[in-house]
Each structure stands twice: as C-alpha cells, then as structure tokens.
Amino acid sequence: LPPLVTTAPVGTPRASAGTLNNPATTVLYGGDSVNDNFRSGLRVSGGWYFGQDRLHGIEGDFFFLGSSNSSFAASSTGTPILSRPFNNTQTGRPDVQLVAFPGSPDVQLVAFPGVLAGSVSVDTSSSIIGGGVNGLSALCCDPCGRLDLVYGYRYFNLTDEVTIRENLIALEGQSRVPAGSQFLIQDRFRTSNNFNGGVLGVSGEKKYGKWFVGGRATIALGSNRQVTEISGSTTIVAPGVPRMTYAGGLLTQPSNIGTYTRDVFAVMPEVGLRVGCNLTDRLKVFAGYNFLYLSNVARASEQIDLRVNPTLLAPRTNVSGGAFPAFTPKTSDFWAHGVSLGMQFTF
C-alpha cells in the first residue's frame, strides 16, 4: 500500500501537517505490505486410473484460501492531527487532505482556531480460489512407485480490494464552508485476476515400506484477465443546503473512475512435495509443502495514484489543470507458500 493516513505533531503549520516531505510526519497506515500473513485453506482432489494396467488416468482438484483482511480506523476532534497525503499536481509538491486539525493558542495556528474534526478508515481484503482438471499418463510404473506425465487445465483467481472512507465535520474558525458541514468521502479500488491456462508437468511417488515420498512439478501457460474497478463518491451535507453527492473521493475522480479489463499472458508454475505413511493398504496420511507463483497480476493497492489535481475535488467549481489521478495499469507477481496435512483414500 502507498501511505494512506498520516499525522503530525500538534503545532505543525496547516500547510505541512502530514505531508510526505515533512520529516515530522508519521505514516499511520500504508507505506508497507498488508494481507501477507498466514491464512488457512482447503484443497480437495480426486482421480481415477483406467484399466488394470493403470497407464492412463484423470484427476481434478479444487482449492481456496480464506480471505485475508486488515482494517485501520482513527478519529479525532483535532488532536491528534489526521490527514491523507497526496501529490498536488497544481503545485508539484506533496499535499494533504485534512481529516482532523486542532484549535490551538499557538501563534502559528492563531488563524486556525478550529478547522476539522473527523474519522478515517481503511479496509483491505485478499482472496484466492482455484482448481483444474488433468490427464495422467504413466512414464514408468512398478509396485514400489510410479511417475506420471500431467497435462490439462488450470484456473486461478486472485481478488484484492482497498476501501478508504472519511467522515469530516467543518468546525468554527474556517471560512471555506459553513461550520457544521459534513463531508462523507469514499475511495474504492478492486482488482480481480482470472487465469486460465494449459498445464504440463510430472507427478510421482515412491514407496519405502509403509512410508512414501511424493513430488509434483507443473507449469501452466495461459491468459490472465485483469479487471480493475475504481469508484468513489463525496457527499456534502451543509446547513440549509440540499444534500449533494458527487462522483469521486480523493484518490478517485472522474479522471480514473471506471472498470478496466485487459488480457495478458501469464505463467503459473507450481511445485509440491509430500511425505506420508500407509496406515492400511487403502488409507494414507501425509504432510506436504506447496509453492505457487503467478506472473502479471493486478493488485488493488498498485492501481492507486497519489497524484491529485485538487480542482477536481467536489464540488468542482473552478476546474483547471491535468486529469489526475489517472489510471495506468500496473502489474506485479504473486506467490504463495503452503504447508499441508492430509489424508488419502485409494479404492
């Protein structure tokens, strides 16, 4: 995530309160990775070998990892200072949208005896689901083990979402809007990656008495459909004025709001190892390790553009300058490590 919420010591001048070029600024949320923690999941697989010689077969699997979520929330009546940083394209300098700014007898702030009170929250999520169907052909087979050629189809979905919300109330002591005016602001970024590809690889298992060791290595080549959804809104509730809602928050504006779809070539290798024990002729238990990688994925956080033309902010009474924030598709790589415990029944 880029830096999304900042603070600064009370007494900081309004013009630099929370800006990213101010050494006194502290990033409260963002500027680091999120949703990269351990998560639980499930994989179910099954297959069938044809004929007594078991030279050919078919298999299928389905898996998912539970959604990983993170949340941040802060509110203030002015102390501490809360702000959302951006890069002002009109001035070419770091800037902020204030969420909460204090009243203070400090001489630097005497012109701002009370500006804003408000709250800001950020919610992120990430989810994974996949599956496939493969054919199997024996490369070698004996009573102590076998090695199969694997060929088939793989599907994989990775979905991310970042939502930022603000609730601001204008206080006495500022002249831009009437005191008591409320601003409800939301920015939402969501990406979905749908990979479909052909699989080629090998899978094998070797027995050592009651124990066995298995391994699998495949690579899938195909197309990843990236869908990026950007939306936002600003609702202004001012005393004596009808409630008004505008498209765009802070980091979402008509310049980047929309749904964007594109197909890109992607590669998805997967490696698995497992060690287990045959409890009976038909039942075995195992522990394993899996590694999965997918190239050319769109992550929601990377579609956030911190460049903002402030004249585009609601209510847009005097628009000038460039169309920022802008949507420029960005891609990165995704990988996951997995440790599994399982049971297999053969019939």
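Start by selecting Arg299. With a relative accessibility of 19%, Arg299 counts as buried, because the cut-off for buried is under 20%. Keep in mind that this is a predicted model.

Asp160 sits in strand E8 (residues 145-170), while Arg299 is in the loop between strand E13 (283-297) and strand E14 (307-308), so the pair ties together parts 139 residues apart in sequence. Is Asp160 buried or exposed? Asp160 is buried, at 6% relative accessibility.

Stay on strand E8 and select Glu161. Glu161 counts as partly exposed, at 21% relative accessibility. Which residue does Glu161 meet in a salt bridge? The partner is Arg188, at 3.0 Å, N to O. Arg188 belongs to strand E9 (residues 182-208), and the pair links distant parts of the chain, 27 residues apart.

Move along to Glu205. Its side chain meets that of Arg274 in a salt bridge of 3.2 Å, N to O. Glu205 lies in strand E9 and Arg274 in strand E12 (residues 258-278), so this pair ties together parts 69 residues apart in sequence. Colour the two by accessibility: Glu205 is buried, with a relative accessible area of 18%, whereas Arg274 is partly exposed, at 21%.

For the last stop, select Arg43, Asp61, Arg154 and Glu270 together. A network of salt bridges links these four residues. How many salt bridges does the structure hold? The count is 18.

Methods. Residues are numbered from 1 along each chain as its sequence is written. This is a predicted model: local features need pLDDT of at least 70, side-chain atom pairs count only at pLDDT 80 or more; totals for chains, interfaces and linings use all residues. Side-chain values use heavy atoms; hydrogens and water are left out. Helices (H or I, at least four residues) and strands (E, at least two) are DSSP runs, numbered from the N terminus. Buried means under 20% relative accessible area, exposed over 50%, partly exposed in between (1.4 Å probe, protein chains only).
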